[in-house]
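Please look over the sequence and the structure shown here before reading the briefing that follows.

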Amino acid sequence: MNLQVIVALAQIVSALAVLLTLVVLIISIRQNTRSQKALVVDSLAAAITSINVPAMESPVLGSALSKATADWRSASREERIIAHFFLFSFFKLLENAWYQQKTGVLDQAQWVGWEKLLRKYYHSNGVRRVWWPARQHGYSPEFQKFLSETKPAGRTRQPERVVRSRSR
């Protein structure tokens with residue numbers, strides 16, 4: 001073997017080593033990305049749990065939220081205070097979920113449920129007419145714009161049954 005053949009073989013081995021390193025790096029990045037996405041979903045689930053557990057322990061919150069979202073002024077001062085703190089935390093969580101979806105970290109399939117819940121609360125009379133206008137500036141301008149462009153969450157209708165008459 002002459003020196004040129006040895007150099008050519010060394011270059012081939014070197015190129016294969018670089019290629020193998022790149023493949024391992026790509027696989028590692030993909031696994032890390034999947035892991036980070038799972039972490040985001042888990043973190044959002046933990047955050048909603050941290051809001052809901054105290055709510056389950058206090059039926060007063062459910063009652064306050066129900067009244068305040070339907071008609072803010074129909075709730076007592078105490079009920080409005082309770083509803084405000086829940087709504088503020090809840091919309092911050094929704095803003096986080098929206099941002100994660102917008103950046104591609106939260107999958108569309110995961111976002112669908114969050115968005116429907118967001119639209120349900122945002123378009124409720126008490127929130128849309130009274131609570132949100134006074135507090136919208138606590139959220140990013142992009143999130144405010146997104147909300148302003150949403151439509152109320154539609155009610156899902158059962159498919160209508162078609163009754164066919166039999167002609168004889």
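Predicted model: local features only at pLDDT ≥ 70, side-chain atom pairs only at ≥ 80, totals over all residues.

A residue is called buried when its relative accessible area is under 20%, exposed when that area is over 50%, and partly exposed in between. Glutamate 95, at 11% relative accessibility, therefore counts as buried.

**Salt bridges**

- A search of the whole structure finds three salt bridges, and each of them is described in turn below.
- The side chains of lysine 67 and glutamate 79 meet in a salt bridge, with a distance of 3.2 Å from N to O. This pair links distant parts of the chain, since lysine 67 belongs to helix α2 and glutamate 79 to helix α3 (residues 77–102), twelve residues apart.
- Within that pair, lysine 67 is partly exposed because its relative accessible area is 38%, whereas glutamate 79 counts as buried because its relative accessibility is 13%.
- Glutamate 95 and lysine 92 also join their side chains in a salt bridge, again described by an N to O distance of 3.2 Å. Both residues lie in helix α3, where they are three residues apart, about one turn of the helix.
- The side chains of glutamate 149 and lysine 145 form a salt bridge at 2.6 Å, N to O, and glutamate 149 is exposed because its relative accessible area is 52%.

- The axes of α3 and helix α6 (residues 141–148) come within 11 Å and cross at roughly 90°, so α3 and α6 are roughly perpendicular to each other.
- Phe91, Leu94, Glu95, Trp98 and Lys102 of α3 make this contact with Glu142, Phe143, Phe146 and Leu147 of α6. Here the residues of the contact of α3 with α6 divide into six nonpolar, three charged and no polar.

**Two threonines**

- Threonine 69 is part of helix α2 (residues 59–70), and this residue counts as buried because its relative accessibility is 13%.
- A polar atom in the side chain of threonine 69 lies 2.8 Å from the backbone oxygen of leucine 65. Leaving aside residues up to four places away in sequence, threonine 69 touches Tyr121, Ser124, Asn125, Gly126 and Val127.
- Threonine 150 is found in the segment after α6, and this residue is buried because its relative accessible area is 11%.
- The side chain of threonine 150 makes a polar contact with the side chain of histidine 123 at 2.8 Å, and the side chain of threonine 150 also reaches the backbone oxygen of leucine 147 at 2.7 Å.
- Not counting residues up to four places away in sequence, threonine 150 touches Arg119, Tyr122 and His123.

Conventions
Residues numbered from 1 in each chain as written. Heavy atoms only, no water. Helix = DSSP H or I, 4+ residues; strand = E, 2+ residues; numbered from the N terminus. Buried < 20%, exposed > 50% of the residue type's maximum accessible area, 1.4 Å probe, protein only. Polar contact = N/O pair within 3.5 Å; in protein donor to acceptor, adjacent residues only side chain to side chain. Contact = heavy atoms within 4.5 Å. Salt bridge = Lys/Arg side-chain N within 4 Å of Asp/Glu carboxyl O. Axes fitted to C-alpha atoms, helices over the stretch in contact; angles between N-to-C directions. Parallel < 35°, antiparallel > 145°, perpendicular 65-115°, else oblique. Nonpolar A, V, L, I, M, F, W, Y, C, P; charged D, E, K, R; others polar.
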